[in-house]
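Trainee: I've got a model open and I'd like to learn how to read its packing. Can you walk me through a few features?

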There are 2 protein chains.
Amino acid sequence: MIQLNTYEKKLSEQISSLKKSSGSHPPSIYTVIKSLENLSIKVDSCFLSNPYATEIFLKYFNDDIIENNKIRDLVEFYPSQNSVIAESLAKTIDIPKENILIGNGTIEIIQYLSLFLSIKKMVLILPTFSSYYEFLPKDTSIIHYTLNKEEDFQLNIDNYIKFVKIHQPDTIVLINPNNPNGRYIDLIKLEYICESLKEVSNIIIDESFIHFAYEDETLSPVSSSYFIHKFCNVTIIKSMSKDFGIAGIRAGYCLLPKIKIEQILSKGFLWNSNGLSEYFFDLYSRSNFQKEYEEVRTQYIKQSISFFHSLKSIDQIKAYSSKANFALIELLDGSKSFEFVHKLLIKNGIYTRDCEDKIGLNGEFVRIASRKDEENQYTLSAIKNLYK
Amino acid sequence: MIQLNTYEKKLSEQISSLKKSSGSHPPSIYTVIKSLENLSIKVDSCFLSNPYATEIFLKYFNDDIIENNKIRDLVEFYPSQNSVIAESLAKTIDIPKENILIGNGTIEIIQYLSLFLSIKKMVLILPTFSSYYEFLPKDTSIIHYTLNKEEDFQLNIDNYIKFVKIHQPDTIVLINPNNPNGRYIDLIKLEYICESLKEVSNIIIDESFIHFAYEDETLSPVSSSYFIHKFCNVTIIKSMSKDFGIAGIRAGYCLLPKIKIEQILSKGFLWNSNGLSEYFFDLYSRSNFQKEYEEVRTQYIKQSISFFHSLKSIDQIKAYSSKANFALIELLDGSKSFEFVHKLLIKNGIYTRDCEDKIGLNGEFVRIASRKDEENQYTLSAIKNLYK
């Protein structure tokens, strides 16, 4: 079992109190470093992003903006309006601009939809990303459909459809791959769910981790964006923070029927992008960037597969199957999840996600993100060392 | 009178259609340049910001971030949560962090308050910034209090208070200095308005241009922030885009009673900052930055005073008094405002704000921002040339 020494216990208490004050999301790496000067963070495995993609973005940013002395343009002037940026994205993802709303990160979209869709009853798959229930009006009825660890957190499609039909919610949320467990629903099955649940007013599909998923060994990109043409009750939500490694610039979007986009834009969302995110959406439309990104996307998936495979070989933990860029692990040796997380952080500078506040998880769970290959190797030996 | 030749007429039609498609706000300088390749913009006098402040920001940004190779931190990781950034701003503006909500620009705050203050009846001073009425629910009753050009657009305080008392709105908005006319209400008078209207549930004071205002020749900074301690019905809104010349990074805030901030944060606004805006709020707290900023603030005010003074000397226009960084001018020679604006843009590359869509303005009005001194001089001679 993992033991904290006196020094570690003291720091551990400080980390706990920091976490408590940051609500249901762990404090950012900045906040942790600022507040606890004794810590040095070597690997941020709490944070779900592709670090190689960050590097490509930075390379282009350096060449286009820094070297060309264009930073002033991004800083000084208002970004373009939502519909203008949507137009640039429309060509890239081959979806009409009238169906696209650009968000200041997807959190802004989730927050807005929570209020705008007049949700009265929601079926939510547990475990989940807490913002899907936290921002809802207090009188919203939330019905939990809990994934079982005994079934490897895989969604039982027919069972789920039956559950939704019995409870008759106006809204369901499907995060694919799901956070925090990483299980993926094949598109054909997801389409079958939507076909079967046409009576549900809002089917929200969150594809924020979809670039890490795959359906065969070619690792070709998958996406349910085309559902927007088939189902008028589907909303697709897509964060760019994870796959492109750019959480700091706040870029995301959602796909909605044209009439809903018009309603939302009449209430604001005019200049909710910033100079950096506008630059990103422009960059994303360029074929040379796309090609380089596709290379690091598949490279990263391969490394993640290998990392998760190695985690499975550690006896004291169980690493659940994942097609996202993180794996959920369960501690089997009687250690508490906070002991695992704080020990790794204090001793090795590895920041992982304690899932003790995630509802629907029965046991001691930690979410570990795949980072760079050498970081994953470092994390692997650190975890093995914990159990020596 | 201003005449457009055949070439200018054709371009003018294109600019008009571009403006039409961008709604009630003029298209950004980017959108204009992208869409009309024949145009080159030399001076963006549509845009209301202090260009000298932009330069200070960029100097620090270059030294702190670019030179120190810290750009990755801003791009890759999530920004800190709202309350963490509020804490950093709290020290700078000497207001408790519990009263501060950080916005993704003030437009996000205006948009949010428009929906969540449950505004039923609003008294709005005309002319105004259109977002204050555009985002309101359709059934909101909006009562206009129109400033007269015959009174130089100055607010008649007692008359206004009487008007509000008769109409009994739940919300009033005071932009100080007002946009688009630039007239300023002395703090003592503003305080008198708040004292007299304690029965109004929401008094929104927008201070987005307050750094350009002054009450005596020392040009010392003024602010009504302290009202937050005196009146529980006051909301102060503050954009950083204008005074700091950083519209592209989207930074703004509002001051509200603690209980309202808590309610709003429970609905979201978690990560609505970005890496650049978080950096700005940190920079804003540093005394060396504050000192340099204060120097360019007063320098810019002096140049603006001189620019507006020179505009007053042109016979064919009337430049109204302003304590903001822009002046409202009225065309007296029978020219249409779009002819003035398009001619200046096509012939001289100067982008100014056609006010034909501003309700409450009776006549042909254009808003001209003060930019750098040499740009102001260029704009002055260009306008004089229009009338040769």
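Predicted model: local features only at pLDDT ≥ 70, side-chain atom pairs only at ≥ 80, totals over all residues.

Trainee: Where do I start with helices α8 and α9 of chain A?

Mentor: Two packed helices are described by the angle between their axes and the distance between the axes. Here, the axes of α8 (residues 157-167) and α9 (residues 187-196) of chain A come within 11 Å and cross at roughly 25 degrees. That makes α8(A) roughly parallel to α9(A) (under 35 degrees is roughly parallel, over 145 roughly antiparallel, 65 to 115 roughly perpendicular, the rest oblique). Axes are lines fitted to C-alpha atoms, for helices over the stretch in contact, with angles from 0 to 180 degrees between N-to-C directions. Helices are DSSP runs of H or I with at least four residues, strands are E runs of at least two, and both are numbered from the N terminus.

Trainee: Which residues make the contact between α8(A) and α9(A)?

Mentor: On α8(A) they are A:I157, A:D158, A:Y160, A:I161 and A:K165, and on α9(A) A:K189, A:Y192, A:I193 and A:S196, where contact means heavy atoms within 4.5 Å. By class, five are nonpolar, one is polar and three are charged (Ala, Val, Leu, Ile, Met, Phe, Trp, Tyr, Cys and Pro count as nonpolar, Asp, Glu, Lys and Arg as charged, the others, Gly among them, as polar).

Trainee: In what order do the strands of the chain B sheet come?

Mentor: Strands of a sheet pair through backbone hydrogen bonds, either parallel or antiparallel. In chain B, seven strands form an open, mixed sheet ordered β2-β8-β7-β6-β5-β3-β4; pairing takes at least two DSSP bridges. β2 (100-103) and β4 (141-146) of chain B are at the edges with a single partner strand each, so one side of each has no neighbour in the sheet. Four bridges join β2(B) to the antiparallel β8 (residues 252-255) of chain B, and B:L101 has B:C254 as its bridge partner.

Trainee: And how do I read aromatic pairs?

Mentor: A pair of aromatic rings is described by the distance of the centres and the angle of the planes. There are 58 such pairs over all chains. The centres of B:F57 and B:Y279 are 5.8 Å apart and their planes at 70 degrees, so this pair is edge-to-face (Phe, Tyr and Trp rings, the six-membered one for Trp, pair with centres within 6.5 Å; planes under 30 degrees apart are stacked, over 60 edge-to-face, the rest tilted).

Technical notes:
Residues numbered from 1 in each chain as written. Chains lettered and ligands numbered in written order. Heavy atoms only, no water.
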